[in-house]
Amino acid sequence: MKQGVLIFLMFFSLTSKAAFEENARRYSSGQEIVNSLDMYVPMPPNCLQIPDDARSSLGLNSPLSGNPISPAPNQATIQWLSQCIATGVNFYVNAGGAEKLRNVLGPELFAKMFGEVPANSAVDTMKLVVPWSSLEKKIREEIVAQFVFSFLGSNETILDYGLTTSEKLRAQLLAALEKRNSLVVLNAFQFLILNLALRDEFLSY
Amino acid sequence: MKKIISIALLFLILSQNAFAQQSSYDTQLLKLAKAIKGEPATREERSGLQKAIANGKADLFLQETAKKYLQDPKAHLKLKQKVDELVRLNAQTSLINNGYTLGSIDDAYGALVFDVISKNKSWDDLFKGKEYIAHPMTRGNEHEGLFYDRLNPQYSEDSSFSEVLDPASPANTSNRKYSFPADDQRIAGIFTTPRFFSRYVNTALNKNRRRAAAVFRIALCDTMIATVPAQDSSSQMRDYDTIFPHRGVTEDQVRKSLAGNIHGQQADCRSCHYKLDPLGQVFGYSAATLGVEPSAGALRFRGQDNRAVDIPLKGFGDLANALTEQPEYVKCQISHFWRWYVGKDVPFTKEIESDLIKKFEFSQRRPLDFIAYLVTLPVFKEKPQILTEDQLLSRQVVKIFKNCTSCHDSQYANVWDLTSLPYGDNIEVRTRRIDLLKSVLDIKNNGARAEMPPKDSLWRPSQDEFASIVKWLDRGAPDFQGKAQLEQGEGK
C-alpha cells in the first residue's frame with residue numbers, strides 16, 4: 001500500500017508554483033484575433049477591418065513608439081471583441097454562416113443538428129432559436145466539447161498552457177449554461193464563444 | 001525487484017522533466033499556425049496531425065506544414081506587417097477575401113516589401129532593391145509615380161498587383177514598374193520610397209537627421225541612446241570632421257570655429273551627430289522627393305570590438321551596399337526575426353546568435369527559409385512557461401543591462417557580455433565579475449558613487465531599475481533558469 005502511494009505521488013508534476021506576472025506567452029495582434037474568430041464566427045465588416053480609432057485598444061503598434069499601448073489584451077479589447085461576437089453570431093443565418101458553424105461543431109455534430117447544408121449557405125434560423133435545455137444532454141455536452149476543441153485546442157494543448165484542464169473547463173461551461181434557463185441555442189453559442197475567445201489559450205500562443 | 005522499480009521510476013521522473021518543456025504535437029501545430037499565419041490550424045490540419053502521430057511521422061508532418069504555411073499569403077502579410085512596425089508605419093491590417101490587403105500593396109513601399117517576402121528574395125533587397133511598382137496617377141494625396149518619374153527611370157506597365165487595387169480607383173488602374181540600374185546611386189529599397197519620405201519628414205533645421213536615425217535603427221538596431229562620446233582626441237577630431245566638414249582648413253581653425261558652437265562643445269550631442277550628420281548628407285538633395293542627382297555622405301559608427309566604421313558613400317546605392325555588408329546589420333536583422341517568431345522573452349544568447357548568423361547566411365538571407373529554420377528550434381517548441389520569480393528577475397535585469405552593452409559592445413569591449421547569463425563557466429570567474437559589477441555600480445552605497453554608467457552618459461538606471469539590480473544580486477544573481485550564480489544572501 002505504502003509503495004503504491006509512493007509511486008502515485010511520484011507521478012505528480014514536480015514544477016513549483018510560480019509568479020504569473022510575465023508568463024512568456026505571446027499574444028496575437030488584434031487583427032489576428034479577429035481573423036481567428038472569423039474562422040468560426042462571421043465577423044461583421046466593421047470588425048474585420050479594424051477602424052483607426054480601435055487600433056490602439058486592439059494592440060496594434062503605435063508608429064510613434066513602435067510599441068503597443070498595452071502589452072496584453074485589456075478591457076477595451078474585451079469590449080470591442082464582445083460586441084463583434086454579439087453581432088457576428090447573428091450572421092450564422094446569412095450565406096456562408098453554415099460553413100463557419102461547421103468549422104466549430106465539426107461535420108458530424110453539425111449534420112446531426114442542422115442536416116446536410118451546402119457550403120456558402122445559411123443555417124436554418126428555426127434550429128437556432130430552440131431552447132438550449134430542449135437539446136439532449138449528450139448533444140449539449142458534445143456541443144461544448146467541440147467549441148472547446150475548436151477555440152482552444154485538444155486536451156493536450158489546454159494542459160500545456162497549464163491554466164486549466166479540458167474536463168474542468170467543459171464542466172464549468174455546461175454548469176453555467178444549465179443555470180441560464182431561458183437560453184436558446186444561438187445565445188448558448190454566443191455565451192460559449194465569448195467565454196472561450198477571451199481566454200489566454202485563444203488569445204496567445 | 002524493488003531496486004528495478006525505483007530505478008525505472010527515477011528514469012521516468014527525469015525523462016518527464018526532460019520532456020516536460022516540450023509541448024505536445026497539437027500545441028506545436030497551433031503555435032506554428034499562429035506564429036506564421038496568425039490564425040489557428042484548421043480542423044483538417046489537426047486531423048492530419050493525428051494521422052501522422054499514429055504513423056510516427058508527426059515531426060515530418062509539422063515540418064511540411066510549416067513550409068506550406070510559409071507559402072500562404074497570410075504568412076507573407078504577417079511578416080510584412082512586422083516590417084511596417086519596424087519602419088514605424090501604420091501597419092495595414094485589413095483582410096479581404098483574396099488574402100491581400102489593399103493598403104499594404106497599393107504603394108511602392110508595400111509592393112517592394114511584399115515582393116521580397118512573397119518571392120523569398122534576399123532580405124537585403126529591402127534596402128538594395130532598384131525596382132518599384134507605383135501608380136502613375138494621383139491617389140489621394142500620394143503622387144507615387146511622380147516621385148520616380150523625375151529620375152527618368154525605365155518603366156513598364158505592370159498588372160501583378162492589379163487585383164488588389166481599390167475597385168473605386170480611377171479608370172486607369174494599371175500600375176507602373178519603375179526599374180533603375182543596379183549601380184544607381186539615387187535609389188535604395190525602402191529608404192527611397194514616398195512612404196518612408198513622408199513618414200520621416202525633413203526640415204531645413206533637421207537636415208535629414210531624422211531619416212538617418214531611422215536608417216540606423218532599422219538596419220543596424222542603433223537607437224542612438226546610451227552612447228558615450230569618443231574619449232580620445234583623435235576620435236573627437238574625426239567626429240568634428242564629419243559633423244562640420246571643413247574642406248581644406250586646418251585642424252586649429254576647425255577647433256577655433258567650434259569653440260562658439262554648442263554642438264561642437266557638447267560631448268553628448270557629438271556622440272550621435274557624428275553618425276547622423278554624414279548619413280543625413282546622403283539624403284542631402286532629397287527633401288520631399290528624391291534628388292535627381294545623388295548626394296555624397298558617409299556611413300560612420302563604432303562597431304563591435306571598437307571597430308571604427310567610416311565608409312564614404314557616393315549616394316544611396318553605396319549606403320545600401322555598405323549597410324548590408326556590416327556584421328552589425330546581420331546581427332540586427334536576425335534579432336528582428338527572433339523577436340517576431342520566437343519571442344523577445346526567450347533569451348537570445350551569444351551561442352544562439354552565432355548559430356543563427358550562420359543559418360541566415362546559409363539560407364542566402366532569404367526570409368522564408370530562415371523562418372523555416374527558426375520554427376524547428378527546440379525553444380520554439382517549448383511549452384508556454386510560467387516563469388519563477390528568479391527567472392523573471394533575470395530577464396528584467398538583462399533588459400536593463402542592454403543599455404550598458406550598447407556602449408560596451410562597440411567602444412569598450414573589455415567588459416564581458418552583461419546580457420549573457422551566467423557570467424562564466426566557473427564560480428571564481430562569476431564571483432569576480434559580479435564583484436566588479438557591484439563595485440562599479442556602488443551597490444553598497446546605493447549607487448551614490450557609481451562609476452557606471454559614466455557621468456556623461458545619456459542614460460542612467462531609474463530607482464526601480466536599480467532596485468531590481470540590487471534584488472537580483474541579493475538573490476545570488478540568478479541566471480535565466482533561475483539558478484543562483486552566487487550563494488543566496490551575498491548580494492551586498
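B:Cys221 is partly exposed, its relative accessible area being 33%, where buried denotes under 20% relative accessible area, exposed over 50% and partly exposed the range in between (1.4 Å probe, protein chains only). The model is predicted, so that local features need pLDDT of at least 70 and side-chain atom pairs count only at pLDDT 80 or more, whereas totals for chains, interfaces and linings use all residues. Residues are numbered from 1 along each chain as its sequence is written, chains are lettered from A and ligands numbered from 1 in the order in which they are written, and side-chain values use heavy atoms, with hydrogens and water left out.

B:Cys221 forms a disulfide (cysteine sulfur atoms within 2.5 Å) with B:Cys332, the two sulfur atoms lying 2.0 Å apart. Because B:Cys221 lies in the loop between α11 (209-220) and α12 (233-243) of chain B and B:Cys332 in helix α17 of chain B, the pair ties together parts that are 111 residues apart in sequence; helices are DSSP runs (H or I, at least four residues), numbered from the N terminus. The torsion about the S-S bond is about 80 degrees, so this disulfide is right-handed. B:Cys332 counts as buried, at 2% relative accessibility.

Helix α17 of chain B, which comprises residues 327-341, is mostly covered, with eleven of its 15 residues buried, among them B:Cys332, B:Trp338 and B:Trp340.

The structure holds two disulfides over all chains. In chain A, A:Cys47 and A:Cys84 form a disulfide with sulfur atoms 2.0 Å apart, and both cysteines are buried.

Technical notes
Helix = DSSP H or I, 4+ residues; strand = E, 2+ residues; numbered from the N terminus. Expected span 1.5 Å × (residues − 1).
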